[in-house]
Amino acid sequence: MFCYGVTLGVKWQLHTGDIDLAVQVIPSGKKPRIDLEKVLQEAGATSFFSSSDGLIRFSIPDYRIEFIVHDYKGGRKRESEIVTISDLNINAQPLPFIQMLLDFSERIGTDDFYVRIPIPEAFFFHKLIIAQRRRREEKQTKDLNQCRALSKFIEDEKLLLVTKAQKIGKETKRKIQSSCEIITFPYERLGI
Amino acid sequence: MKKVKSNWIEEMLFDEYRQSKDVLASLEKKIEEYPKGKLGFRKKINKKYGRVYEYPCLSYSENSKVVNQHIPWSKFSEIKERIRLRDEIINQIASYRERIQYLAKILKKSRNKEDLS
């Protein structure tokens with residue numbers, strides 16, 4: 001949301017100290033391609049192991065970096081089952097529907113660096129889905145409020161590109177519809 | 001006394017508070033792996049040969065006494081780097097403490113004392 005504030009002018013003042021980096025897992029050899037832990041440490045980050053969930057996080061002043069990965073088991077995997085990505089010498093938290101954020105991304109940045117962020121339509125659609133999967137009500141409210149703030153910036157053409165590329169089951173469709181009703185966003189615009 | 005049920009913004013702040021406390025605990029544990037004290041140099045005069053020998057040392061206090069631990073030159077760069085990393089962690093600890101204090105101040109109005117302990 002912070003990035004959309006910069007790129008689109010989305011009004012969203014609240015942000016936490018979490019930076020989630022989505023990782024695309026590509027099968028390869030045994031040798032680490034990039035030792036991300038070392039790269040981040042050289043950049044001034046401190047790695048630490050969270051005993052509560054088994055995730056290795058990186059701390060920089062005021063921010064915490066953690067890695068997330070697409071959950072190919074469709075969310076059936078328990079949250080505690082952390083995925084080790086030996087190619088990058090990190091581990092990551094598997095979460096459902098992350099692939100759509102990786103597939104529909106755009107590059108933003110300055111002359112010095114760039115980052116890839118999901119296009120707002122993908123982020124919006126992802127939040128519509130996961131909001132209804134949240135166990136905690138306040139998390140769901142936050143997700144839907146983010147959707148509401150983003151909804152004014154959604155382009156139908158791009159949104160359809162995102163939604164048409166997903167395989168969505170009946171139950172998930174029902175959940176999306178429910179999210180749309182809460183934020184008063186026309187479900188028909190999703191084209192699913 | 002039980003306080004009023006909070007809203008999602010307050011929950012988000014409380015989440016941030018809890019996570020910051022977790023990070024702080026992890027960083028405080030992590031810093032124990034690093035050397036303590038300051039890296040400096042000491043000179044020793046060899047009276048017999050009239051030569052001055054300079055060597056690096058790690059100065060820290062232990063049981064109210066100052067300890068000057070000799071560091072071999074072969075380990076000097078490694079220890080210097082570890083002290084640099086330790087100082088970065090110290091800065092981060094300070095930053096998290098400040099954040100926790102700030103969040104606790106906001107949350108004090110709506111949360112019980114036990115939640116913020």
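Start with chain B, which reads α-β-β-β-α along the sequence. That comes to two helices and three strands. Helices here are DSSP runs of H or I with at least four residues, strands are runs of E with at least two, and both are numbered from the N terminus.

Some ground rules. This is a predicted model, where local features need pLDDT of at least 70 and side-chain atom pairs count only at pLDDT 80 or more, while totals for chains, interfaces and linings use all residues. Residues are numbered from 1 along each chain as its sequence is written, and chains are lettered from A and ligands numbered from 1 in the order in which they are written.

Buried means 20 or more other C-beta atoms within 10 Å of the residue's own, exposed means 12 or fewer, and partly exposed is in between, with C-beta atoms placed from the backbone.

Now the helix pair. H1(B) covers residues 8–30 and H2(B) covers residues 73–107. Their axes come within 9 Å and cross at roughly 150°. Axes are lines fitted to C-alpha atoms, for helices over the stretch in contact, with angles from 0 to 180 degrees between N-to-C directions. The two helices are therefore roughly antiparallel; the cut-off for that word is over 145 degrees.

Who meets whom? On the H1(B) side, the residues include Leu13(B), Tyr17(B), Leu24(B) and Leu27(B). On the H2(B) side, they include Ile89(B), Ile93(B), Ile100(B) and Leu103(B). Contact means C-beta atoms, placed from the backbone, within 7 Å. By class, this helix contact has 14 nonpolar, two polar and six charged residues. Nonpolar is Ala, Val, Leu, Ile, Met, Phe, Trp, Tyr, Cys and Pro; charged is Asp, Glu, Lys and Arg; the others, Gly among them, are polar.

Next, chain A against chain B. The contact takes 15 residues from chain A and 18 from chain B. On the chain A side, strand S2 (46–49) and helix H5 (137–151) each supply at least two residues. H5(A) gives the largest share, three residues. By class, that side has three nonpolar, eight polar and four charged residues.

Look at Glu138(A), in helix H5 of chain A. Glu138(A) touches Trp8(B) and Glu11(B). With 17 C-beta neighbours inside 10 Å, Glu138(A) counts as partly exposed.

Last, the backbone angles. Most residues other than glycine have a negative phi. Phe97(A) has a positive one, about 65°. Phe97(A) sits in the loop between strand S6 (90–95) and helix H3 (98–103) of chain A. Ser64(B) also has a positive phi, near 60°. Ser64(B) is in the loop between strand S2 (51–62) and strand S3 (65–70) of chain B.

Buried or exposed: which is Phe97(A)? Phe97(A) is buried, with 20 C-beta neighbours inside 10 Å. Ser64(B) is exposed, with 5 other C-beta atoms within 10 Å.

Note on methods. Parallel < 35°, antiparallel > 145°, perpendicular 65-115°, else oblique. Contact = placed C-beta atoms within 7 Å. Lists of a residue's contacts leave out its neighbours within four places in sequence.
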